[in-house]
Amino acid sequence: MQKLALFRLHLIVFLWGFTAILGKMITANAQILVFYRMLFAAIFLFVFIRIIKKESIKVSKKLFFQLSAIGFFMALHWLCFFYSIKVSNVSIALSCLSLSTLFAAILEPLVFKRKIDVSEVVMGIVIVACILLIFKTEFQYKEGIFFGILCAVFGTIFSVFNGKLFGKTSPGNIIFYEIFSGWFILAVFYLLSGQIFQINEINYRDLTLICLLAGVFTAYPMLESVKLMKYISPFTLILTVNLEPVYGIILAFFIFGESEHMNPIFYVASLVMILAIVANALIKTRKQKTIN
């Protein structure tokens, strides 16, 4: 069962890494892409929870508004992520995601009222240095790097606050309401700003790819990751999820070819960031074993 769980874990991380590939293959802009991704994912989750599993989706009013707020940041995270891909490339967007670890090192202690971990701060400084190096060598992608960093900020916010709400309702309900609320907020904003008419500017090929993105690469891996917590440790989950940029960058390199070829310094900096994250995870595990 343990080996099967690890295989399933690597599968969903691979699927997450492939979302960036699909984001580049889809010709629709980031706003339209995220609008339909969240809409389709919410529909898939509703069908799975209510019709297939026949579970209740009732939550308290207070929890609903809390989940809606997190869903708003989830929508911003995805908007910035796909926009970063559109104006630069997959490698830039994924490498910037590594900054989430630094932002989490700062935000998580504030939210959960614990001391700041020095090792996390040191690792964060290393990651910032690497991002600055990438920015210097790949300055032509400055807009993509900027939105990639914003993507990491918003992703950290919804991930950390998700931890505060875990256990207050079923994991399926948490994911469903966050995605649905994120979509609803986007729909209201597009309606008020007059951008709602732009959602029709999409072809059937893009709709098919977004439907695939929403079901296979969004709803399924999110639900699967929660189920796997029964069989694997949080450390194993976090450590493996850090491989998402690795899978994505390698896939992009072979699928898109020349447009993904970066300066050698980019790959060195990215490798250092990944090694820093892995080293930090190993340090944390040893500390936890010592405490126990």
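1. Salt bridges. A search of the whole structure finds 2 salt bridges. The model is a predicted one, and both pairs are described in the two points that follow.

2. Arginine 8 and glutamate 224. The side chains of these two residues meet in a salt bridge, with an N to O distance of 2.5 Å. Arginine 8 belongs to helix H1 (residues 2-25) and glutamate 224 to helix H9 (residues 204-228), so the pair ties together parts that are 216 residues apart in sequence. Arginine 8 has 18% relative accessibility and counts as buried, because the limit for that class is under 20%. Glutamate 224 is also classed as buried, at 6% relative accessibility.

3. Arginine 205 and aspartate 206. A salt bridge is formed between aspartate 206 and arginine 205, whose closest N and O atoms are 3.4 Å apart. Aspartate 206 is buried, its relative accessible area being 1%. Arginine 205, by contrast, is partly exposed, with a relative accessible area of 44%.

4. Glycine 215. Helix H9 also contains glycine 215. This glycine is buried, and its relative accessible area is 18%.

5. Tyrosine 267. A further pair of this kind involves helix H12 (residues 264-291), in which tyrosine 267 is found. Tyrosine 267 counts as partly exposed, at 28% relative accessibility.

6. Nonpolar surface patch. Which residues form a nonpolar patch on the surface? The patch consists of Ile43, Phe44, Phe46, Val47, Ile51 and Ile52, and together these residues have about 510 Å² of accessible area. Phenylalanine 44, one of the patch residues, lies in helix H2. Its relative accessible area is 32%, so phenylalanine 44 is partly exposed; the class covers values between 20% and 50%.

7. Lysine 54. Lysine 54 is not a glycine, yet its phi is positive, at about 55°. Most residues other than glycine have a negative phi. The position of lysine 54 is in the loop that runs between helix H2 (30-52) and helix H3 (61-87). Lysine 54 counts as exposed, with 66% relative accessibility.

8. The structure holds 1 cavity of 30 Å³ or more, and the volume of the largest cavity is about 30 Å³. Its lining is made up of Gln31, Ile32, Tyr190, Gln195, Gln198 and Ile199. How many of the lining residues are nonpolar, polar or charged? The lining of the largest cavity divides into 3 nonpolar residues, 3 polar residues and no charged residues.

Conventions
Residues numbered from 1 in each chain as written. Predicted model: local features only at pLDDT ≥ 70, side-chain atom pairs only at ≥ 80, totals over all residues. Heavy atoms only, no water. Helix = DSSP H or I, 4+ residues; strand = E, 2+ residues; numbered from the N terminus. Buried < 20%, exposed > 50% of the residue type's maximum accessible area, 1.4 Å probe, protein only. 1 Å grid on protein atoms, 1.4 Å probe; cavity = no way out; pocket = protein on both sides within 12 Å on 5 of 7 lines; lining within 4 Å. Points joined across faces, edges and corners; volume = space filled by probe spheres on them. Nonpolar A, V, L, I, M, F, W, Y, C, P; charged D, E, K, R; others polar. Patch = residues over 30% accessible without salt bridge, like charges linked within 9 Å, V, L, I, M, F, W, Y side chains within 5 Å. Areas by Shrake-Rupley, 256 points an atom, 1.4 Å probe, with all protein chains shown as cover. Salt bridge = Lys/Arg side-chain N within 4 Å of Asp/Glu carboxyl O.
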